[in-house]
Amino acid sequence: MSTSERTHLPAQAGARTSTVVRLSGVTKEYAGGVRALDGVDLTVGAGELLGIVGPSGSGKSTLLHIVGTLDRPSAGTVEIAGHDVAALPDRRLSALRSRHIGFVFQAFHLVPGVGALENVAEGLLYSGLPRARRRALAADALARVGLADRMKHRPHELSGGQKQRVAIARAVVGEPDLLLADEPTGALDSASGEAVMDLLHALNEQGATIAVITHDTEIADRLPRQVRIRDGRIVADTTRGKAAA
Amino acid sequence: MTHSRGVRRARRARIGLKAARLGPRDVLHVGSAGLRSRPARVVLSALGIAIGIATMIAVVGISASSQAQLMRQLDALGTNMLVAKPGEAMFSGEEIKLPKDAVGMVGRIDGVEEVGATADLDRSVRRSEKIPEGETGGIAVKAATERLLAVLRGGTAAGTWLNAANGRYPAVVLGHVAAERLGITEPGRQVWIDDRYFTVVGILDPLPLAPEIERAALVGWEGAQRLLGFDGHPTAVYERSTDASVPSVQRLLAPTIDPENPRNVSVGDPSAALQAKAATEGAFSTLLLGLGGIALLVGGVGVANTMIISVLERRHEIGLRRSLGATRGQIRIQFVTESLMLSGLGGLAGVALGGAATGVYAHTGGLPWVVPPWAVGGGFGATLVIGTVAGLYPAVRASRLSPTLALQTA
C-alpha cells in the first residue's frame with residue numbers, strides 16, 4: 001500500500017481487483033422517514049485500515065450494518081469483495097459474510113461456558129471446513145492475538161481486553177477480506193483499549209483490511225484513514241501516510 | 001500466513017459463494033449449546049414430556065404384563081381340553097344322563113390322550129354332623145375318576161389324589177376353595193358326608209380351567225358307588241387331546257358319547273373364558289391413556305414456551321451467528337434441534353420411568369415384566385413429533401430476527 005497521501009476515487013483504473021468495499025449513493029431510510037444514511041459513496045481498498053468516525057446518531061452503525069451485509073440499503077449499490085449485495089439471496093449473503101467479512105463487537109458476544117479455542121472455532125462453523133481443521137486454524141488465530149496460553153480459558157476467566165482479543169481472533173480466523181470492528185475499545189479501560197488497537201494495527205500490517213467504527217476521535221486520529229460521518233453523510237475522508245503517524 | 005492464504009484460496013475456488021452445510025455433529029453442537037447453559041430449565045421442561053410418556057408406557061406396560069401373565073397361564077393349562085356335559089332337556093322334567101361307559105368311549109377317539117370324569121352327587125359336606133344340613137357352603141360333592149387330575153393338569157397342595165387304594169374307602173379330596181370354606185388346611189381331618197365321616201386325604205391346587213372342581217369335595221368313583229349310592233353315570237367328561245386334533249375331537253365328542261341323540265351332549269371349552277379374559281386385559285384403559293396424552297400435550301406446550309423464551313434471551317447469539325455466516329435455515333435448524341433434544345430427553349426419561357413403574361407393578365404382583373416395543377417406539381416417536389412442532393414456531397421467529405436488531409446492545 002502506498003505510504004503517501006492519496007484520494008480514493010471509486011473508478012480508479014486497476015483498483016477493481018483490490019477493492020473490498022464499494023458503496024455508491026447508499027441511502028438508508030427507516031420506517032417513519034428517518035434517513036440514517038444519505039447518498040454515501042465509499043470505497044475501501046485491500047489492506048487499508050480506516051476509521052469511520054462520528055458522534056452517536058450520525059449513521060455510522062447503519063453504515064457498519066450495510067457494509068457488513070446485515071442490512072440492505074433503501075437505495076444505492078453495495079459491492080463487497082466484488083459481489084453486488086442487492087443481487088444475493090439470504091443464503092448467498094450468509095455465505096458472503098462467512099467467507100469475506102469478520103465482525104468485532106463492542107460487547108464481544110462470546111459464547112459463555114466454552115473455552116477460547118471453541119469460541120474462535122465458532123467463527124469457522126459456517127465455513128464448511130471440517131471440525132479438526134477449524135480447531136487447528138482457531139489455535140493459530142489465538143496465537144496471533146497473543147493468547148496461545150489461554151486456549152481453554154472460558155470467557156468469565158478472561159479480562160475484558162483478553163475477551164476482545166478472543167473476539168478478534170474469531171473474526172480473523174477465516175482470513176476475511178474485511179474486518180469490521182464496532183467500537184472495539186468501547187467496553188475496555190484505556191490500557192486494554194490501547195492493546196486492542198495495537199493488535200488491529202499489527203493485523204493490518206500483516207495485510208488485513210480493517211474498518212474501525214468509533215465515536216472516539218483520539219482512536220481515529222491514530223488510523224491512517226479517517227472517514228468522518230455526520231447526519232448520514234460523509235463530511236470528510238482523509239488519508240495520511242503511515243510515516244507521519 | 002502464506003499457508004493459510006493458500007487454504008483460503010483453495011476453499012474459495014472449491015465452493016464459491018454458496019452457503020456450506022452444517023454436518024450432523026455441528027447441528028448437534030449448536031442445538032445443544034442452549035441446553036448445556038441452562039440445565040435446570042432443561043430438566044423442568046423435559047419433565048412435562050417425561051410424565052406424559054411415562055403414563056402412557058406404564059398404562060400399556062401394565063396391561064401387557066397382566067395379559068402376558070394370563071397367556072403364560074393359558075400356555076401352562078393348554079387350550080386342548082374339552083368338557084362334555086349332559087345337554088339341555090328337550091322337555092322339562094326329563095333327566096338326561098351320560099352313559100356309564102362314556103369315559104371309555106371318549107378314550108377311543110383318535111387324538112384323545114387323557115380322559116377323566118366327575119359325577120354330581122346330591123349330598124352335602126360339613127365339618128361335623130352337628131352342623132345343620134342346609135349349610136353346604138356352596139360345596140358340591142362329586143365322584144371323580146383317578147385320571148381326572150391328570151386331564152386338568154392339576155396337582156395337590158397337600159396329601160394325595162384319589163387312587164385305587166383310597167378310592168374305595170371313605171376318603172375325600174377337597175378342591176382348594178372347598179378346603180378354605182371348610183377351614184381345612186391339611187389332610188387327616190374328617191368331614192361329614194351323607195351319614196358318615198370321610199377322611200380328607202388331599203387338598204388340590206387352584207384349577208383355573210375347572211372352577212367347579214375347586215368348589216367340590218371329591219370322592220373315589222368306586223367309593224361313591226359303594227358308600228353314597230352313586231349310580232355310575234358321569235355328569236361331566238373331561239378329555240385332553242393333541243392340539244391338532246382339538247377340532248375333530250370337538251366334532252366327534254357328542255356323537256361318540258350318545259350316538260342316537262348327540263344333542264343330549266353339550267361340549268364346552270373351558271379355556272375359552274380365560275382367552276376372553278386375556279383379550280380384555282390387553283385392552284388398556286382408554287381413560288388413563290387419554291390422561292397420558294393430555295400430560296404429553298401440556299409438556300409440549302411447556303417445551304414451546306421454553307423455546308420462545310430461549311429465542312428471546314439469545315437474540316445476541318442469533319445475531320452473532322448470522323454475522324458469522326449462518327443462514328436463516330441454519331438458525332431454524334439450530335432451534336428445532338434444540339427443541340427436539342429437549343423433548344427427546346423428556347421422552348427417554350419417560351420411557352425409563354414408565355418402564356420402571358411397570359417393573360414395580362409387575363414385581364409386586366408377581367407378573368412378568370412386559371413393555372411392548374411398539375409402545376416405546378410410539379411414545380418416543382410422539383415426543384419427536386411434539387419437539388418438532390413445539391420448536392418450529394420459535395425457530396422461525398429466531399430465523400426472521402433482523403441481525404442488526406439482534407446485535408444491538410440493549
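Modeller: This is a predicted model. I begin with the contact between the two chains, to which chain A contributes 33 residues and chain B 29 residues. On the side of chain A that touches chain B, the elements giving two or more residues are α2 (90-100) and α4 (131-144) of chain A. The most comes from α2(A), with 9 residues. By class, that side of chain A has 11 nonpolar, 12 polar and 10 charged residues.

The helix for the close look is α5 of chain A, residues 160-172. Its 13 residues should span 18 Å at 1.5 Å a residue, and because its end C-alpha atoms are 18 Å apart, the model agrees with that expectation. The expected span is 1.5 Å times one less than the number of residues.

α5(A) is mostly covered, with 11 of its 13 residues buried. A residue is called buried here if 20 or more other C-beta atoms lie within 10 Å of its own. The buried residues of α5(A) include charged side chains by name, Lys163(A), Arg165(A) and Arg170(A). Also buried in α5(A) are Gln162(A) and Gln164(A), together with Val166(A), Ala167(A), Ile168(A), Ala169(A), Ala171(A) and Val172(A). Among the elements that cover these buried residues are the strands β6 (101-104) and β7 (178-182) of chain A. The helices α3 (116-121), α4 and α6 (190-205) of chain A are also included in that cover. One of these, α4(A), was named above as giving two or more residues to the side that touches chain B.

Next, the sheet. In chain A, 6 strands form an open sheet with mixed pairing, in the order β6-β7-β8-β3-β9-β10. Its edge strands are β6 and β10 (233-239) of chain A, each of which pairs on one side only. From one strand to the next, the twist averages 15°. α5(A) packs on this sheet and touches β6 and β7 of chain A, its direction making about 170° with that of β6(A). Within the sheet, β7(A) runs parallel to β8 (residues 210-214) of chain A, and 4 bridges join the two. Leu180(A) has Ala211(A) in β8(A) as its bridge partner.

For a helix pair in the other chain, take α2 (residues 24-37) and α13 (residues 328-365) of chain B, whose axes come within 8 Å and cross at roughly 65°. The crossing of α2(B) with α13(B) is right-handed. Residues making the contact include Val27(B), Leu28(B) and Gly31(B) of α2(B), and Ile333(B), Thr337(B) and Met341(B) of α13(B). By class, this contact has 7 nonpolar, 5 polar and 1 charged residues.

How values were computed:
Residues numbered from 1 in each chain as written. Chains lettered and ligands numbered in written order. Predicted model: local features only at pLDDT ≥ 70, side-chain atom pairs only at ≥ 80, totals over all residues. Contact = placed C-beta atoms within 7 Å. Buried ≥ 20, exposed ≤ 12 C-beta atoms within 10 Å, placed from the backbone. Axes fitted to C-alpha atoms, helices over the stretch in contact; angles between N-to-C directions. Left-handed = near helix turned anticlockwise from the far one by under 90°. Pairing = 2+ DSSP bridges.
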